[in-house]
Amino acid sequence: MRDKLLRIFQETYDELHPRTPMPELTVEFFAFVNINNTIRMREGKLLVRLSDLLEGAPDPVLRAIAHILLAKMYRKPIERPHATRYRRYISGRDIAKKAHLVRQMRGRKRIEGAQGLTCNLESIFDDLNTRFFHGLLARPQMTWSRDHARNRLGHYDPAHNAIVVSRAFDHPRVPFYAVEYIVYHEMLHLKHPVKLRGSRRCVHSAEFQTEEKLFPHWEKAKQFLKRL
Ligand SMILES: [Zn+2]
């Protein structure tokens with residue numbers, strides 16, 4: 001496959017640039033989220049990345065891609081038959097379907113996992129569920145965030161049915177009750193979905209706030225988190 005591609009690029013290059021030797025060329029297939037093909041010049045070498053969805057495309061299509069990329073690179077006009085052939089191929093039913101699937105898979109949010117350095121968010125959820133919710137809440141995905149941002153302690157992500165806790169709190173200096181409190185707060189969001197009061201969204205209703213104070217270290221946790 002690679003040899004064939006190199007040959008196709010070489011022949012296309014010769015058509016566009018007769019009598020000039022082609023720079024060294026690397027072609028690789030790449031798992032882009034979308035069908036995407038790129039070409040760039042780096043330190044005098046050409047680097048081409050083709051969407052792995054095009055692996056196995058018929059020769060005329062590969063020729064069309066080579067033409068489009070090299071024409072772009074060297075600012076030559078793209079010949080219409082090549083442009084049409086490529087467009088037809090990627091909008092064909094099989095490729096469109098594959099692309100859609102791949103987009104769903106690769107575009108999906110990465111879930112980092114419940115196990116942190118200091119504690120496991122699933123165990124915290126299960127324990128709080130028994131102590132405060134009669135075990136009635138269905139456990140969503142529990143995960144530490146990927147980054148260490150502190151502006152959001154935690155949040156419930158309905159699109160992925162996940163409670164995400166900022167990784168900034170996965171640290172031995174953070175008291176256990178503070179992490180418990182963050183999880184408890186998000187569990188209350190599961191229990192009290194956002195209500196519309198008139199036109200105002202009421203995120204932390206009076207009931208929510210009353211129940212929040214039932215957490216034994218509520219005051220201490222709030223103060224600790226405020227100081228950060
Ligand atoms: Zn909240």
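H134 sits in the loop between α5 (121–133) and β4 (141–144), where helices (H or I, at least four residues) and strands (E, at least two) are DSSP runs numbered from the N terminus. This is a predicted model, in which local features need pLDDT of at least 70 and side-chain atom pairs count only at pLDDT 80 or more, while totals for chains, interfaces and linings use all residues. Residues are numbered from 1 along each chain as its sequence is written, and side-chain values use heavy atoms, with hydrogens and water left out.

Although H134 is not a glycine, its phi is positive, and a second residue, N161, also has a positive phi without being a glycine. N161 belongs to the loop between β5 (154–157) and β6 (162–165). The accessibility classes in the table are buried (under 20% relative accessible area), exposed (over 50%) and partly exposed (in between), with a 1.4 Å probe and protein chains only.

| Residue | Phi | Relative accessible area |
|---|---|---|
| H134 | about 50° | 71%, exposed |
| N161 | about 40° | 37%, partly exposed |

The zinc ion is coordinated by the NE2 atoms of H185, H189 and H204, at 2.0 to 2.1 Å; donors are N, O and S atoms within 2.8 Å of the metal (3.2 Å for Na, K and Ca), and since water is not among the atoms, sites may look incomplete. Along the chain these donors follow the spacing H-x3-H-x14-H. Because H185 and H189 are four residues apart in helix α6, about one helical turn separates them, and both of these residues are buried.

Helix α6 (residues 176–191) also meets helix α8 (residues 218–227), their axes coming within 9 Å and crossing at roughly 100°. Axes are lines fitted to C-alpha atoms, for helices over the stretch in contact, and angles run from 0 to 180 degrees between N-to-C directions. The two helices α6 and α8 are therefore roughly perpendicular to each other, a class that covers 65 to 115 degrees, with angles under 35 counted as roughly parallel, over 145 as roughly antiparallel and the rest as oblique. The contact (heavy atoms within 4.5 Å) involves Y177, A178, Y181 and I182 of α6, together with W218, K220, A221, K222, F224 and L225 of α8.

Elsewhere, three strands form an open sheet with mixed pairing in the order β1-β3-β2, where two strands pair if DSSP finds at least two bridges between them. Helix α1 (residues 2–16) lies across β1 and β3, whereas helix α2 (residues 59–73) lies across β2 and β3.
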